[in-house]
Each structure stands twice: as structure tokens, then as C-alpha cells.
Amino acid sequence: MRIDKKSIEKFNDSLLVSHQQKFSFAKQTIPNAEAIIQKLIDFNVAIPSWALGTGGTRFGRFSAAGEPGTLEQKMEDVGLLHALNNASGAISLHIPWDIPSDYNAIKKLAADLHLKFDAVNSNTFQDQKGQALSYKYGSLQNTNKDIRKQAIAHNIEVIKHGNALGSKALTVWLSDGSSFPGQLNFRKAFQNTLESLEEIYAALPSDWKVFVEYKAFEPNFYSMTVGDWGQSLLYANKLGPKAYTLVDLGHHLPNANIEQIVALLMMEEKLAGFHFNDSKYGDDDLTVGSIKPYQLFLIFNELVEGMDARGLHHANDLGWMIDASHNIKDPLEDLLQSIEAIMIAYAQALLVDRKALNEAQQNNDVVAAQEILQNTFRTDVRAMVAEARIRAGAALDPLGYFRTNQIRASLVKERGNTIATGL
Ligand SMILES: [Mn+2]
């Protein structure tokens, strides 16, 4: 289904007076409000195709009704989000779940929905139907050369699908590792993985990047072959200038200082991609900002500082994506909440008084530094984010629109009780 612009305008009209009061207050109190709003209008976060259905757990999956059953329907769902929030203008495909049958038709649909194709994702963490060799003991790290070859060929095939659609990056996330001491020779596993990645790297088109995503644990529980940012950076540095580290918020050990990791990766010019989610314990894949909104703000604070230090374009020069998929919320409502949390954290990071913060840091004024960050974090920027949306023709309150207009019920009516492919 598509959302009619007129119906968004009608919905916005009912909220306009209240919004204008809040926005006029924000505008008076926030310096550079206009410049910030323009940055918010430009900012976009890609939606992965697997977040449009419920994710399930290893104990069970409770599907939402009316989940997208085809690639076209997944794109329509992202188009719907983008129409409502003007900040979800890209989709990240997963191969083999999203192999297009007609590239031109898919490209036309993307253009109609104002969507771009973000990084494409390979899958060697599970065996596919009819696959010759198993990834039970790893893919790019495998002790068996034929299995490594099969995994390399899959990644090269993913690049070809992505290239045909206009994607510009490949994300490699490996479940490779070991679950018991002694199972793996760490050095050989690293070297096998590096050699495999080198073959994949050699197949990248000249204007492509490869993102090496790390994860601390799960599904392997003793070691992961790309287990942390140091290991990812090792691979990226050894591979060359088209290889970068990808940070997924949920892929760290508890209490890791992610904002510091982000700052240093940007300093090294090796941060290319970002996967947003939230967690309390591990890779919980919860709604962005639902558990640790202050951490999200601190991460954005470093991102903005680091991007500005290198003159990067906030919206275009790094790859922003949500990577979450859980079991109980309506997936589209969850994504609307996640994008809202990201936009708020980004807006707040744009508000930080950098000059004052630099002075406080230079003078070792710890109290002033904390005041600057926490005062900014406690500033209500929701009217600024809403103003950016309304100026772009999107909904003042995307979640409110989704509920008032019973979008899920319409999707169920259109699709029935379909279940999306994915995790
Ligand atoms: Mn991820």
C-alpha cells in the first residue's frame, strides 16, 4: 500500500497549532535552529529487509500479521515509513532472502518509492536449501578450502546482485568462531578469513566499499573470528582503502565504551557503517533508544564531532542503518520509534556547544564538561525533528498517523497473515 500525501497533510492540520507553539519556543531558545533543521531534513537511516517482520528468538516466533512476503512488499513497507518520517529513504537487502527476479522492475519500484539501495548483506551463518557444503564449523575461516571457496563465491554473487541495483557496499558479518577451547587455531582462523576476504575484496567494483562487522559472541560462545573492533580494524587495514569497520551497537560486551570506539575509528578514517539498536544484556536487538538513550546521544556527539573534524557530510559519507528485529512489537511501529530516537539524538548532538566543551576539556573543567553534555541531552528537540518532517511533506507524528489510520489493519487486509523471510 502507498500513503497519499493529501492524507498526511490532513493529519498534520489537526496537530498544527500545538506543534507551532512548541516549535516557536524551540526556535527562540536553540541557536542555529534553521541550520539544524536542514541537517535533519537531509538525514536518512536505511532499513534492513529483515526488520520488517518479527525477529523471533531461539524459543519461538510470534509473527505480526500482514508481514511483507516478497521483496516488493518489503520495499513498499520501507516506502511507507519514508513517506511518514522522511528519514527512511534506503533499504538494505539480504542475499539470498531478497534476490530480485527482475532488476529493472525493482529499480523502478525503488525510484517510485524514493528509495535507494544501501549496503547488501551476505549470509554464510546458515546453510541454504540445496547448498553443497555446510557452514557448521564456519565459512571464511573454515579449515576446509572448498567450504571457504563456496563462501567466497557467495559473497561475490551478492556483490553482483547489489551492483545490478546500484548498491555501493557489501557488509560481511560472520558467525565464524568457536564454542570450545581448543576447537580452533586462532591464528589460522584469522589467516584463512583474511585470505578469503582478500578474494572478496578483489571482486569489489572500483567505487564499492566492504564493511567488516564484528560481534563479541553468539552464535559462537568461546571465540569469534571477528570479535571486536580491534580485529575488524586489523582486517580492514590489511585489506586496503575500500575496507572499513562497521559498528553494530549490540555487538559489544556489556558496558563497552562505544562512543570512544567510534571516535578512534573515525580518527583512523576506518569507520564506514553503523548499525543502530539497543540492548540491556547482549545483542538484544531492541528498539533504538529504548534502554540507553544517553549512550545514544554520547555516540552521536562523537559522530558529529568526528565527522565535522574531517569535513564529512553527515547524511552521505557514513552508512547509517537500523539493525534490529525483535519479537513483540509491530515491526513498523518499532522502526518509527527507532528512527525518532535516532533523529532526537542526532539533533541533540548538533546542539552541543563545541567551543565551550573544548574549553572545558582544555581547562580540565570536568564539571563544566558534564554540564554542557547533560544540559544538551535534557533539551527537548522533538519539535525541531517534527518541523524537519513537516517541511519535507512527512507526518508531524508518524506513529500517530500509523495508528489513527490503522495502517497495519490495511496491510493485513491486503496481504493476509503473511510471514516475512528472515531471522
Ligand atoms: Mn548488524
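1. In this predicted model, 80% of the contacts between residues at least 6 apart in sequence join residues at least 24 apart. The protein chain comprises 15 helices and 11 strands. Its radius of gyration is 22 Å, close to the 22 Å that the globule rule gives for 423 residues, so the chain is as compact as a globular protein of that length. Along the principal axes, the C-alpha atoms fill a box of roughly 65 × 60 × 40 Å, and 44% of the 423 residues count as buried.

2. Six strands form an open sheet with parallel pairing, in the order β4-β5-β7-β9-β10-β11. The edges are taken by β4 (120-121) and β11 (319-322); each has a single partner strand, so one side of each is left without a neighbour in the sheet.

3. Strand β7 can be described through its two pairings. Strand β5 (residues 169-173) runs parallel to β7 and is joined to it by five bridges; in this pairing, alanine 169 has lysine 209 of β7 as its bridge partner. Strand β7 (residues 209-213) also pairs with β9 (residues 243-248) in the parallel sense, over four bridges, and here phenylalanine 211 stands opposite tyrosine 244 in β9. Four of the five residues of β7 are buried, so that the strand is mostly covered.

4. Which helices lie across β9 and a further strand? Helix α7 (residues 229-239) lies across β7 and β9, at about 160° to β9. Helix α8 (residues 258-267) lies across β9 and β10 (271-276), at about 165° to β9.

5. Helix α6 (residues 186-202) passes a simple check of length. At 1.5 Å a residue its 17 residues should span 24 Å, and its end C-alpha atoms are 24 Å apart, which agrees. The buried residues of α6 are Ala189, Asn192, Thr193, Ser196, Leu197, Ile200 and Tyr201. These buried residues pack against α5 (145-165), β7, α7 and β9.

6. The largest nonpolar core contains 113 residues, and those with the most contacts inside it are Leu84, Val210, Met343, Ala347 and Met384. Helix α10 (residues 331-351) gives the most to this core, with 14 residues. Beyond its neighbours within four places in sequence, methionine 384 is in contact with Ala26, Ile30, Ala33, Ile36, Ile37, Leu40 and Ala347.

7. Two cis peptide bonds should be noted. Most peptide bonds are trans. Another joins glutamate 218 and proline 219, with omega about 10°; proline 219 is in the loop between β7 and β8 (223-224).

8. Two positive phi values also deserve a remark. Most residues other than glycine have a negative phi. Asparagine 255, in the loop between β9 and α8, has a positive phi of about 70°. Aspartate 285, in the loop between β10 and α9 (293-309), has a phi near 55°, likewise positive.

9. Are asparagine 255 and aspartate 285 buried or exposed? Asparagine 255 has 7 other C-beta atoms within 10 Å and is therefore exposed, the limit for this class being 12 or fewer. Aspartate 285 has 23 such atoms within 10 Å and is therefore buried, since this class requires 20 or more.

Technical notes:
Residues are numbered from 1 along each chain as its sequence is written. This is a predicted model: local features need pLDDT of at least 70, side-chain atom pairs count only at pLDDT 80 or more; totals for chains, interfaces and linings use all residues. The radius of gyration is taken over C-alpha atoms; the globule rule is 2.2 Å times the number of residues to the power 0.38. Two residues are in contact if their C-beta atoms, placed from the backbone, lie within 7 Å. Two strands pair if DSSP finds at least two bridges between them. Axes are lines fitted to C-alpha atoms, for helices over the stretch in contact, and angles run from 0 to 180 degrees between N-to-C directions. A nonpolar core is a set of buried Ala, Val, Leu, Ile, Met, Phe, Trp, Tyr and Cys residues joined through C-beta atoms within 7 Å. The expected span of a helix is 1.5 Å times one less than its number of residues.
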